[in-house]
Amino acid sequence: MSMINYASREINCKLVYYGPGLGGKTTNLEYVYNKVNPETRGKLISLATEQERTLFFDFLPVDLGSIRGFKTRFHLYTVPGQVYYNASRRLILKGVDGLVFVADSQAERMDANIAALENLYENLADYGYDRISCPSCCSGTSGTCPTPCRSTNCGISSTPWVCQEYEAVAVSGVGVFDTLKAVSKLVLKSLS
Amino acid sequence: MLSAAGDRADLDETAFASLASADFAASGQLASLLGEDQFTSLYHHGAERSMFVADISGAAILAVLFDTRTTLGMVRIKTKSLCRSFAEQRPPGREGPSGQVVQMESDWANEAESEIDRLFGE
């Protein structure tokens, strides 16, 4: 749940990028980091292995500025995609306000997309979060595939996932901001 | 981050708060693997600066940074009463001063949406 600090008049919202390994979650954050005004974002923190695979999370704070007296800030997190880091993924989901599911558009990763989505359901349920009411977006993307891909083509259309869908390519940035804008707006709408 | 105080000129507070909370959350999972409910505090020892993190009733954490001018024992003593005092206060959440759950005005959401378009417009 978004934290509204009345004493300091701040609103902090937590957005989590979730999905299978090597799908482009970290690349999404790196693209955002490189493109937004440096004055509005903080340091990009990556807790990664020597092979640059996410070990715990990536973190990027983005400042929306003061809106009607409330300093509004988004905290963007990624989770590790590799299956054996589930404890870390579950930790990062705690207090989530909005989700971006980054599906991998490669045909051979369809099963991984579905497994990651089912894993997301389980981890949300562990915290008692309702996956239907959690503001969510889904982008079909791949670090190696240059073609934008609809997430319905990524194998998850067969699952009961309710979200807005975007075509994206994380490396070139296609759809990255469309997805971020959409989930941010959904989260802020949920506050009003 | 709820609040910060003291000499912190060279500290990225947002990054620090994010990492400290993740560190504490991870330690909670380690505790449960060992059959403990929670580790109530954490200590990281550095050559010049050290860090002590303590749980405040499961609702917040208190991180204390200190250098070689004091000792861990002193920090623990001071922190204990401070945590008790903080625990008696209501942590900030989505509640206004009178305790009711607050919804932001629709005008606020409209303005926020415009800001999102401006900030995230390429």
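Which residue of chain A forms a salt bridge with Glu111(B), and how far apart are the closest N and O atoms? In this predicted model, the partner of Glu111(B) is Arg68(A), and the closest N and O atoms of the pair lie 3.0 Å apart. The points below set that pair within the interface of chain B and chain A, and then turn to the second largest pocket, whose space comes to about 340 Å³.

**Interface of chain B and chain A**

- Contact between the two chains involves 36 residues of chain B and 42 residues of chain A, and the area buried between them is about 3,500 Å², with carbon and sulfur atoms giving 66% of that area.
- Three salt bridges are found across this interface, while four residue pairs, with both residues at pLDDT 80 or more, are counted as being in polar contact.
- On the side of chain B that touches chain A, the elements giving two or more residues are α1 (13-33) and α3 (106-119) of chain B, and α3(B) provides the largest share, with twelve residues.
- Sorted by class, that side of chain B is made up of 17 nonpolar, eight polar and eleven charged residues.

**Second largest pocket**

- The pocket is lined by 18 residues, of which Leu22(A), Thr26(A), Glu52(A), Arg53(A) and Thr54(A) are the closest to its centre.
- Two or more lining residues come from each of α1 (25-35), β3 (45-48) and β4 (54-67) of chain A, and the largest share, four residues, belongs to α1(A).
- By class, the lining consists of four nonpolar, nine polar and five charged residues.

Conventions:
Residues numbered from 1 in each chain as written. Chains lettered and ligands numbered in written order. Predicted model: local features only at pLDDT ≥ 70, side-chain atom pairs only at ≥ 80, totals over all residues. Heavy atoms only, no water. Contact = heavy atoms within 4.5 Å. Buried area = accessible area lost by both parts, 1.4 Å probe. Salt bridge = Lys/Arg side-chain N within 4 Å of Asp/Glu carboxyl O. Polar contact = N/O pair within 3.5 Å; in protein donor to acceptor, adjacent residues only side chain to side chain. Nonpolar A, V, L, I, M, F, W, Y, C, P; charged D, E, K, R; others polar. 1 Å grid on protein atoms, 1.4 Å probe; cavity = no way out; pocket = protein on both sides within 12 Å on 5 of 7 lines; lining within 4 Å. Points joined across faces, edges and corners; volume = space filled by probe spheres on them.
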